[in-house]
Amino acid sequence: MSDYTVIGALSGTLKELLRHNITQSPDPALNGVEIHLLSPKEMQEVGHTTGISLWLYKVSRLADMVNEPPERISATQIARTPLPIVLFYLITPFATHPETRHVLLGRVLQVMNDHAILRGADLEGSLKGSHEQYRLNLEALTLEELSLVWEALSEPYQLSVTYLVQVARIDSDAEPVKTMPVIVKQTTYSQIVSAG
């Protein structure tokens, strides 16, 4: 079960995952490279020349799960349906030298691939200790689609990748729906006979 803090908790989880595997890495090419939840534009505005931008640029509803049957939480109550969402992150390495940007991007891809399912000890914030799990997917955007993201930032395109995290659920804060209890449950079977 997740409340409205799930978005912040998942962003914190990804930041900590990258920080542990990049910022705290014993590899001198990675060690000390900070992870920021700032957009690439904000990174440049505050003067970060080295680091990794982990920017949440889009949140969308997962329409396929909206009509899932509600959960009965007691004999007379049904929980309100949670809002299923997918989070989209743009990950951009910043460094003076292109080779360093390539190394950073390669490590990001490796870490994300190794942690394709986030659960248990990976989770941070309000998700810590929960039994939730989330899938990390490298999003296959075309160059044109990726360019549109950069155009929205009013910035020239930079080497970057996009990941999506699914499925986060934001539980309703409204009271459960009162309903009549199920008194009798009956199952019947019949045979379909062919006419030929």
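Here are a few friendly notes on this predicted model.

1. Ground rules. Residues are numbered from 1 along each chain as its sequence is written, and side-chain values use heavy atoms, leaving out hydrogens and water. Because this is a predicted model, local features need pLDDT of at least 70 and side-chain atom pairs count only at pLDDT 80 or more, while totals for chains, interfaces and linings use all residues.

2. Overall fold. The protein has four helices and nine strands (DSSP runs, H or I of at least four residues for helices and E of at least two for strands, numbered from the N terminus). Along the sequence they follow the pattern α-β-α-β-β-β-β-α-β-β-α-β-β. The radius of gyration is 22 Å, well over the 16 Å that the globule rule gives for 196 residues, so the protein is more spread out than a compact globule (taken over C-alpha atoms; the rule is 2.2 Å times the number of residues to the power 0.38).

3. Helix 3. Leu 104, Leu 105, Val 108, Val 111 and Met 112 are its buried residues (buried is under 20% relative accessible area, exposed over 50%, partly exposed in between, with a 1.4 Å probe and protein chains only). The face turned away from them carries the exposed Glu 99, His 102, Asn 113 and Asp 114. The buried residues pack against helix 1 and strands 2, 5, 7 and 8 (contact means heavy atoms within 4.5 Å).

4. Ser 53. This residue of strand 2 counts as buried, at 0% relative accessibility. Beyond four places away in sequence, Ser 53 touches residues including His 36, Met 43 and Phe 94.
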